Amino acid sequence: MLLIGFNNYGDKTVARSSQKARRKARQSITGTLSVSKRGYGFVNTAEGEFFILPSKMNGAMHGDLVEVRQYHERPQQKAKKTNQGLSAAQSQDNRGPLGTIVRVIDRSHQTLVGVLADNDGLLVVSPLDERIPYDVFIDPRLASKPADAGSIVVVRLNAWPSKAHSAVGYIEEVLGASDGLGVDMDIVLRKHGITTVFPAAVLEEAQALLSQPAPVSTSLHRRDLSDIIVFTIDPDDAQDFDDALSLEYIDGKLLLGVHIADVSAYVALESAIETEALQRGTSVYLPNQVVPMLPEELSNDLCSLKPGEGRLCMSVMMVLSPSGSVESVDFFPSIIKSSARLTYDQVDDFLNGEKDTDQGLLIGPEVGQRLKSLDRIARRLKSRRLARGAIDFDSVEANVVLDQDGKAQDVVLRKSTAATSLVEEAMILANEQVAAYMVADEYPMLYRIHEDPAPAAMQKAIDMLYDLHLISQPSVPVNSKETQKVIQSSLARDGHLIVINEILHVMKRARYSPVFLGHYGLASKAYCHFTSPIRRYPDLLVHHLLKMRLSGIKPPAKLVQSLDYIANQSSESETTAEAASREATNIKIAEYLADRVGDVFDVLIVGASNTGIFVRDEQTSAEGLVPKDSLPAKTFYQSEMYGYADEDGDLAFVVGQRIHARLVRADVSQGELDFDLL
């Protein structure tokens with residue numbers, strides 16, 4: 001039965017006495033609801049993680065801040081719970097206590113993206129996000145934009161779903177047909193609530209900055225470094241350049257300079273641009289598209305370290321010993337003039353001994369000499385990091401190549417190279433030095449932290465890898481240095497990718513915090529994000545805080561009190577941006593492989609569940625599912641074997657095994673692939 005409450009545009013609440021309401025509030029705790037595509041959810045709270053059945057959502061949506069209370073099952077309910085979209089593994093006791101959502105405190109979705117349907121004159125929008133199972137009914141009395149059935153639309157909610165009525169709203173924007181040019185990326189952005197248009201006040205401020213002279217610091221002297229050789233190294237398609245390097249020899253010592261665009265000189269705290277940057281948190285990178293954190297007047301012009309043009313920077317100058325240790329460091333505002341805009345490919349070609357790059361650009365002797373020295377320094381710095389326990393996952397990134405119409409033409413895997421390592425090591429070192437300077441006096445700061453993995457989760461991963469013969473020792477690493485040894489020990493084994501995936505899976509997410517709690521992955525004594533203020537808000541704020549510290553002044557009390565909020569906001573923005581980027585990449589990979597439906601692939605089994613086995617094509621990094629129904633008869637999911645096997649274990653499909661599978665479905669709209677066995 002459809003419950004459509006056109007007469008109520010807010011959540012319906014049940015009247016109750018204030019005493020009863022207070023009692024319920026005391027019994028409940030709060031957290032953010034995370035819903036899986038299969039319908040069940042989790043709420044992370046200060047009291048631990050609660051498991052939410054679909055029937056206990058009570059109208060809450062993925063991402064909502066909710067009030068949750070522990071829910072105690074009756075015996076007959078326990079018998080039914082595996083029929084509510086749960087696998088056997090997910091119905092085990094380790095899934096956390098059952099919870100029920102009492103109420104929604106803050107809605108994360110004001111709009112939804114979906115497909116418009118016309119049911120005998122009743123317009124309904126079905127969300128494309130599978131984590132939101134509620135249809136939205138279009139109120140004919142509200143001013144909706146006209147759209148044809150089958151169109152992809154953005155609907156603004158006026159009433160959210162509850163036990164009493166369905167979700168209601170109106171059509172705010174029509175994106176077009178599902179197969180329209182560029183609609184796929186528009187859908188991804190709208191689904192994740194990513195804003196592409198800047199407010200008028202932000203654009204006005206940005207335009208005004210273009211016509212003003214370069215700002216002059218009143219508290220710190222800005223040093224002129226325009227006479228030294230400085231250069232940028234970025235991907236071929238980069239539009240903004242926010243970091244540059246220099247290297248000089250002084251009295252037999254190396255002076256390594258990391259020069260970062262001084263965005264804080266233009267973007268004042270509490271300005272319209274800064275406020276918008278905080279809300280965005282980060283630039284978002286999709287295939288062949290960037291949604292910038294800052295207006296282009298800053299990101300691609302005023303703050304971009306273009307060659308031959310004077311630019312304001314914050315510089316970190318480090319005197320290094322021959323072994324790569326930092327003997328002294330200096331931080332200050334500067335003016336630099338980039339000598340060259342180099343690409344990773346150009347630098348790799350040069351370091352590999354090629355004199356000409358693909359673009360025909362000769363790297364001069366002055367820059368070339370410095371590149372060779374920086375390459376040697378980067379190797380030493382990396383060796384020092386690994387020796388202290390930093391973890392090197394040697395990850396691979398899929399880059400989808402698009403044609404002029406935005407259609408996927410190829411998938412190129414990007415791996416770490418000498419050029420990328422050269423830049424990465426310099427940036428990590430600069431970030432560490434800034435953080436160490438700030439933490440020394442306990443100055444208010446925004447750090448980048450990475451907490452230790454949960455011992456029980458690590459134990460489970462190690463047991464699995466040992467049982468699968470992917471590692472030789474069953475001992476659980478007690479620190480990051482031992483974790484690195486586990487990864488290194490698997491390098492010569494065929495299942496090295498599985499080892500990396502499982503270790504990554506048990507790692508906690510790195511996040512931002514006003515208190516430094518360690519960085520497990522980097523094994524850093526102190527770490528922050530300082531080197532990318534054009535594309536990350538935390539870096540911009542760190543620039544402001546560093547300048548205050550250098551000037552000997554205290555930051556505003558209001559800012560200090562906001563650091564917890566800023567840390568959470570920045571961490572959430574990063575998670576959203578990564579999810580959007582990952583979804584967009586999967587869509588384009590599925591689009592690329594759609595023409596290869598029917599082809600046979602050599603794939604690696606990377607996971608298994610009651611749904612089937614999950615496989616990965618290492619040539620494109622594409623991952624897909626071999627559904628349970630496509631597996632041979634009389635094979636069953638056996639969690640202790642990490643895969644499917646028959647009763648005797650003679651026929652088995654387990655994690656780490658390589659098989660041949662035929663691609664049978666490429667769902668471009670969802671970025672999903674299905675395979676079957678030959």
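Reader: What should I know before reading the model?

Author: Residues are numbered from 1 along each chain as its sequence is written, and side-chain values use heavy atoms, without hydrogens and water. In this predicted model, local features need pLDDT of at least 70, side-chain atom pairs count only at pLDDT 80 or more, and totals for chains, interfaces and linings use all residues.

Reader: How many residues does the largest nonpolar core have?

Author: In soluble globular proteins, nonpolar side chains tend to be buried together. A nonpolar core is a set of buried Ala, Val, Leu, Ile, Met, Phe, Trp, Tyr and Cys residues joined through side-chain atoms within 4.5 Å. Buried means under 20% relative accessible area, with a 1.4 Å probe and protein chains only. Here the largest core has 88 residues. Helix 9 (residues 418-440) gives the most, eleven residues. Helices are DSSP runs of H or I, at least four residues; strands are runs of E, at least two; both are numbered from the N terminus.

Reader: Which residues does Val434 contact beyond four places in sequence?

Author: Contact means heavy atoms within 4.5 Å. Val434 meets Val316, Phe331, Met445, Cys528, Phe530, Val542 and Leu546.

Reader: In what order do the barrel strands run?

Author: Strands pair if DSSP finds at least two bridges between them. The closed barrel of five strands runs 6-7-8-10-9, with mixed pairing. Val124 has Phe137 of strand 8 as its bridge partner.

Reader: Is Glu583 buried or exposed?

Author: Glu583 counts as buried because its relative accessible area is 16%. Glu583 lies in helix 15 (residues 563-593). Beyond four places in sequence, Glu583 touches Val188, Lys191 and His192.

Key
Buried means under 20% relative accessible area, exposed over 50%, partly exposed in between (1.4 Å probe, protein chains only).
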